[in-house]
Each structure stands twice: as structure tokens, then as C-alpha cells.
Amino acid sequence: MSGTARYWRDWSESQLASYQGDQGSSNHCAKYAAASALNLLYETSADGGELVSVIGDRLLKGTGRYTILGNDNGSLVFQAANLLRMLARLNGVNPRIRCRRIDRNGLFSSLKEDKTLALVSLTYWQGSARWVGGHVMIPAAYDPDHINQTGFSTPWGFLSSWGSEDELYWMTENDFQRTWGQLSIYNTVTVNRPED
């Protein structure tokens with residue numbers, strides 16, 4: 001992988017971070033990531049809360065097609081793709097959306113494409129009960145020179161729906177590789193805006 005910093009569309013960190021939603025203490029990260037992706041690619045005003053409402057009104061609260069089990073739980077990779085498709089229809093846009101399994105070089109290459117974004121699924125064990133947790137985010141930067149406040153190299157920067165409006169969520173290479181796409185056939189949803 002190249003040692004050169006790459007920010008999507010060569011935007012600044014604060015410009016990218018301004019597209020992050022805020023899921024609060026909910027499990028709606030895939031819904032907010034879908035909204036961020038459409039807003040970045042199409043300049044829509046999509047909101048993850050819109051998907052929360054629409055899914056909440058569906059039979060079984062979206063279980064199976066859009067969520068793991070009910071609207072208050074998270075979404076697997078293929079379900080995140082379905083959420084993106086629904087939100088795209090609601091906002092009158094028609095991106096190409098695919099579930100894929102790609103490696104870090106493919107992810108790095110996607111940062112060079114100004115009409116393509118990726119949504120990645122991270123999986124981890126949480127709490128003493130060892131429940132499986134997860135989070136869906138959008139890789140927005142790779143900067144080998146980025147150092148966090150504690151002095152660790154954190155080259156991967158993500159749009160995350162954890163509430164920041166001016167900073168990306170940065171991860172170490174090891175933490176990202178250890179959690180990306182675990183327990184899943186697919187590890188990424190790619191979203192492409194076709195040429196108009």
C-alpha cells in the first residue's frame with residue numbers, strides 16, 4: 001500500500017466529518033452511514049432518522065431484510081446495502097450498490113474514486129458477557145502520518161455516526177484489520193454514483 005496520505009476527494013478532515021450523523025446511543029449506525037454516503041455522493045439531505053422511522057413502520061420492524069432482529073438492533077452487510085437502496089429510492093437517486101469482500105488495497109483504491117464510497121462492517125466482542133457488537137462506517141481517509149492523542153499511529157479515518165462534527169474516527173491498522181468483516185461473508189458495501 002502506498003505511503004501517501006489519501007483523503008476522499010482530497011477534502012479536509014473537517015469537511016468530511018461534517019457529513020457524519022449522530023446515532024446517539026442507538027444501534028442505527030448502518031442507517032446513518034447510508035445517509036452519509038448519499039449526502040456525500042449526491043448532496044442530498046438524507047437523514048438516518050428517516051430510515052429509523054420508515055423501518056419502524058414495516059412488518060416485523062425490518063427484521064431479516066433491513067435489521068438483525070427488529071428496528072432497535074443493528075444490520076449485517078447485506079442489510080446495510082438494502083437500507084442504502086431504500087434511502088436512495090426515498091431521495092430520488094439511483095446509485096450502484098454491491099455487497100463485496102475486498103482487501104485493504106481495494107479499500108485504499110476506493111479512496112481515489114470520487115464517485116465511489118465504501119461502507120465497512122466492524123465486528124468485536126463487547127462486555128464481560130462477550131456479546132458480539134458491530135459498527136458500520138465509511139472509510140474516508142488513509143493517512144500513514146496520522147497520530148492519535150496517545151501517540152499511536154492511526155492511519156485509517158472513518159465517517160462514523162458517533163457524534164463528532166469536526167473529526168473523523170481514527171483507527172490503528174491492527175485494530176481495523178482485526179475487526180473488519182469478521183463473522184461475515186461480505187465485509188463491505190460499495191456505493192457508486194454512475195456518470196450522469
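**View 1. Helices α2 and α3 meet at a crossing of their axes.** In this predicted model, in which local features need pLDDT of at least 70, side-chain atom pairs count only at pLDDT 80 or more, and totals for chains, interfaces and linings use all residues, the axes of helix α2 (residues 29-42) and helix α3 (residues 48-56) come within 7 Å and cross at roughly 130°. Residues are numbered from 1 along each chain as its sequence is written, and side-chain values use heavy atoms, with hydrogens and water left out. Helices (H or I, at least four residues) and strands (E, at least two) are DSSP runs numbered from the N terminus, while axes are lines fitted to C-alpha atoms, for helices over the stretch in contact, with angles that run from 0 to 180 degrees between N-to-C directions. The helices α2 and α3 are therefore oblique to each other, given that angles under 35 degrees count as roughly parallel, over 145 as roughly antiparallel, 65 to 115 as roughly perpendicular and the rest as oblique. The crossing of α2 and α3 is right-handed, a term used when the near helix is turned clockwise from the far one by less than a right angle. On the α2 side the contact (heavy atoms within 4.5 Å) is made by K31, Y32, A34 and A35, and on the α3 side by G48, G49, L51, V52 and I55. By class, the residues of this contact are six nonpolar, two polar and one charged, where Ala, Val, Leu, Ile, Met, Phe, Trp, Tyr, Cys and Pro count as nonpolar, Asp, Glu, Lys and Arg as charged, and the others, Gly among them, as polar.

**View 2. Helix α3 also packs against helix α4.** The axes of α3 and α4 are 11 Å apart and the angle between them is about 105°, so α3 and α4 are roughly perpendicular to each other. From α3, the residues E50, L51, V54 and I55 meet L83, M86, L87 and L90 of α4. The contact of α3 with α4 has seven nonpolar, no polar and one charged residues. E50, which lies in helix α3, touches L87, L90 and N91 when residues up to four places away in sequence are not counted. With a relative accessibility of 29%, E50 counts as partly exposed, on a scale where buried means under 20% relative accessible area, exposed over 50%, and partly exposed in between (1.4 Å probe, protein chains only).

View 3. Not counting residues up to four places away in sequence, N82 touches R65 and Y66. The C-alpha atoms of N82 and V189 are separated by 10.0 Å, although these residues are 107 residues apart along the chain. Leaving aside neighbours within four places in sequence, L117 is in contact with W8, A37, L40, L41, I138, V189, T190 and V191.

**View 4. Three salt bridges are present in the structure.** Side chains of opposite charge can pair when their charged atoms come close; a salt bridge is here a side-chain nitrogen of Lys or Arg within 4 Å of a carboxyl oxygen of Asp or Glu. R104 forms a salt bridge with E173, with the closest N and O atoms 2.8 Å apart. Since R104 lies in helix α5 (residues 104-110) and E173 in helix α6 (residues 173-179), this pair ties together parts that are 69 residues apart in sequence. R104 counts as partly exposed at 26% relative accessibility. Another salt bridge joins the side chains of D175 and R178 (2.8 Å, N to O), two residues that are three residues apart in helix α6 and thus separated by about one helical turn. D175 is partly exposed, with a relative accessible area of 29%. The side chains of R6 and D10 also meet in a salt bridge (3.5 Å, N to O); R6 counts as partly exposed at 25% relative accessibility, whereas D10 counts as exposed at 61%.

**View 5. Two loop residues, E43 and K61, have positive phi values.** E43, found in the loop between α2 and α3, has a positive phi of about 60° although it is not a glycine. At 52% relative accessibility, E43 counts as exposed. K61 lies in the loop between α3 and α4, and its phi is near 55°, a positive value in a residue other than glycine. At 43% relative accessibility, K61 counts as partly exposed.
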